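Please look over the model below before reading the numbered points.

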Amino acid sequence: MDIQAAFYKGNKSITVGTIARREPGPQEVEIRVGYAGICGTDLHIYHGHMDHRVTMPQVIGHEMSGVVERIGAQVTAFKPGDKVTVIPLDSCGECPACQDGCSHICHNLKFMGIETDGAFQSFWTVPAKTLHRLPEELSLKYGALIEPLAVACHDVRLGNVTAGDQVVVIGGGPIGTLIAMVAKAAGAIVTVAEINPYRLTLLQQLDLNTCNSKEVDLAEYVQKVTGGRGADVVFEVTSSLAGAEVMTKLPKARGTIVIVGIFSKPVPVDLHRFFWRELKLVGARVYEHEDFEKAIALAAGGELALDPIISEVYPLNEIQAGFEQMESGSGAMKVLIRCNEGMQ
């Protein structure tokens with residue numbers, strides 16, 4: 001039996017066609033996909049920046065939610081009808097990182113939806129070990145936000161954000177916004193630096209303090225709002241030269257900088273500032289299972305205003321339009337793709 005799927009074919013082309021529906025193996029689960037989100041990584045693929053990692057035509061996508069349809073013979077933890085999401089990491093289990101309990105940064109890590117087929121299809125068969133159960137009361141739309149929300153939970157956890165901390169997030173895109181929301185839920189006082197007018201308006205609607213760093217000197221602003229002390233924790237989410245340059249000017253003495261953005265090339269960083277103020281620099285990559293559980297608890301608990309994050313929902317056969325809207329950057333925070341009709 002064939003099913004619908006969206007294929008990346010290079011040159012900013014996403015086309016919808018059919019693919020054979022795959023029977024789940026003994027330790028696999030087939031999911032009827034409800035919604036799948038378009039993320040920054042998907043846009044990098046769309047722009048051709050990751051053609052060395054994908055095998056075209058490739059079904060991409062990894063932010064998703066759905067309902068278990070079929071289970072393999074050895075699967076006991078899940079049953080048909082369970083609402084689930086997927087942690088899309090395929091680690092080797094044998095490298096030094098895996099042996100040290102850091103399988104999320106496995107030396108040989110493969111990412112589902114990049115090296116292997118992803119979620120932009122009506123049914124997705126995956127290893128049962130990658131599933132996380134969603135509460136029945138959580139909508140599948142919010143369920144599709146769990147993966148990026150888990151990124152934010154991981155970042156905030158590695159930054160050791162606690163109640164009362166002064167936090168600055170450089171970059172108010174989807175991940176930066178979610179980091180700000182998770183940090184605020186932890187009791188931090190949060191400022192988000194952003195220059196995009198649409199994002200600034202949305203951040204303000206989410207009751208987050210903002211600084212238009214195109215119009216205001218961010219370092220001076222942070223000094224002012226912290227009484228000259230500096231921020232406890234700074235998250236760099238832009239992957240920009242400007243972000244790398246300003247991030248060292250913002251923390252307090254012995255403050256922390258968390259690198260969330262992916263810098264594909266080395267950039268200048270003021271190491272003297274690290275020495276002078278005894279700063280800490282923390283790298284934060286993807287997430288661990290505990291971050292997924294934290295994200296699910298936050299989403300289900302109603303602590304976060306997730307609805308404004310979802311800018312648009314497109315059916316699977318209009319996925320190209322969804323990518324074009326995300327690419328524009330001017331009027332979208334998170335675009336979801338509805339992979340099956342009638343799923344809530």
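1. Strand β14 (residues 231-236) runs parallel to strand β15 (residues 251-259), and five bridges join them. Val234 stands opposite Ile257 in β15. Strands here are DSSP runs of E of at least two residues, helices are H or I runs of at least four, both numbered from the N terminus; two strands pair if DSSP finds at least two bridges between them.

2. This is a predicted model, in which local features need pLDDT of at least 70 and side-chain atom pairs count only at pLDDT 80 or more, while totals for chains, interfaces and linings use all residues. Residues are numbered from 1 along each chain as its sequence is written, and side-chain values use heavy atoms, with hydrogens and water left out.

3. The order β13-β12-β11-β14-β15-β16 describes an open sheet of six strands with parallel pairing. At its edges stand β13 (209-212) and β16 (280-283); each has a single partner strand, so one side of each is left without a neighbour in the sheet.

4. Gln121 lies in the loop between β8 (110-111) and β9 (123-127). Gln121 is buried, with a relative accessible area of 5% (buried means under 20%, with a 1.4 Å probe and protein chains only). Leaving aside neighbours within four places in sequence, its contacts (heavy atoms within 4.5 Å) include Ile3, Val33, Leu316 and Cys339.

5. The chain has 11 helices and 18 strands. Of its 344 residues, 54% count as buried. The C-alpha atoms fill a box of roughly 65 × 45 × 40 Å along the principal axes.

Terms used:
Buried means under 20% relative accessible area, exposed over 50%, partly exposed in between (1.4 Å probe, protein chains only).
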